[in-house]
Amino acid sequence: MNRDDQIVRMFGAFGVKPSKSRLEIYLEWADKISYESLTNIIDDVINEEDRLPTISSLNKINRGSAASNQQYIDPENRCMYCEGIGIIPYIKENDGVYIEYQARCKCSSGMRYSKGIPNYFDIYPDFQFEWDRGKFSTYIQLFLRERYERLR
Ligand SMILES: [Zn+2]
């Protein structure tokens, strides 16, 4: 399947017979996008949209999928606090009851979360639990252990 076939496939899926000029607009749009992205976008559109999307909504879908690709986290550069998740859990005790909460990390992954979620480092200057890196390879592992001991 080439780019043109993909566009024809999309029109076909929505039962639309485009005029020549309309088809050309879509083909021009498809030429500006990598073949892989085009295939993914059209798969998404066919699975999720109720009607043939306009060029402007196709552009929105394209931008959305580019943004979600950027969320891929390189393990080498992973944030040591949140492991790239953007959220760090903590535990608070209230009248003998432990409750788990979540706060935003200070890294770029944490910045993606709403400002309504508290910033972890406003609550704790460093980690809530002292992290012995020789014993736990990630802070989250240590946290899960601490949580287990309190919540069991
Ligand atoms: Zn982080």
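How many other C-beta atoms lie within 10 Å of E83?

Analyst: E83 has 19 other C-beta atoms within 10 Å and is partly exposed. By the rule used, 20 or more such atoms make a residue buried, 12 or fewer make it exposed, and anything in between is partly exposed, with C-beta atoms placed from the backbone. The model is predicted: local features require a pLDDT of at least 70 and side-chain atom pairs a pLDDT of 80 or more, while totals for chains, interfaces and linings use all residues. Residue numbers start from 1 along each chain as its sequence is written.

E83 sits in the loop between α4 (55-69) and β1. Helices (DSSP H or I runs of at least four residues) and strands (E runs of at least two) are numbered from the N terminus. Although not a glycine, E83 has a positive phi of about 60 degrees. Most residues other than glycine have a negative phi.

Two residues lie between the strands of the hairpin. D95, in the loop between β1 and β2, likewise is not a glycine and has a positive phi of about 50 degrees. D95 is exposed, with 4 other C-beta atoms within 10 Å.

Buried residues make up 13% of the 152 residues. An automatic or database assignment gives domain 1 (3-69) and domain 2 (75-151), whose C-alpha centres lie 41 Å apart.

The largest nonpolar core has eight residues, among them I7, Y26 and L38. Such a core is a set of buried Ala, Val, Leu, Ile, Met, Phe, Trp, Tyr and Cys residues joined through C-beta atoms within 7 Å. Its largest share, three residues, comes from α3. A second, separate core of six residues includes I88, A103, C105 and Y120.

How values were computed. Two strands pair if DSSP finds at least two bridges between them.
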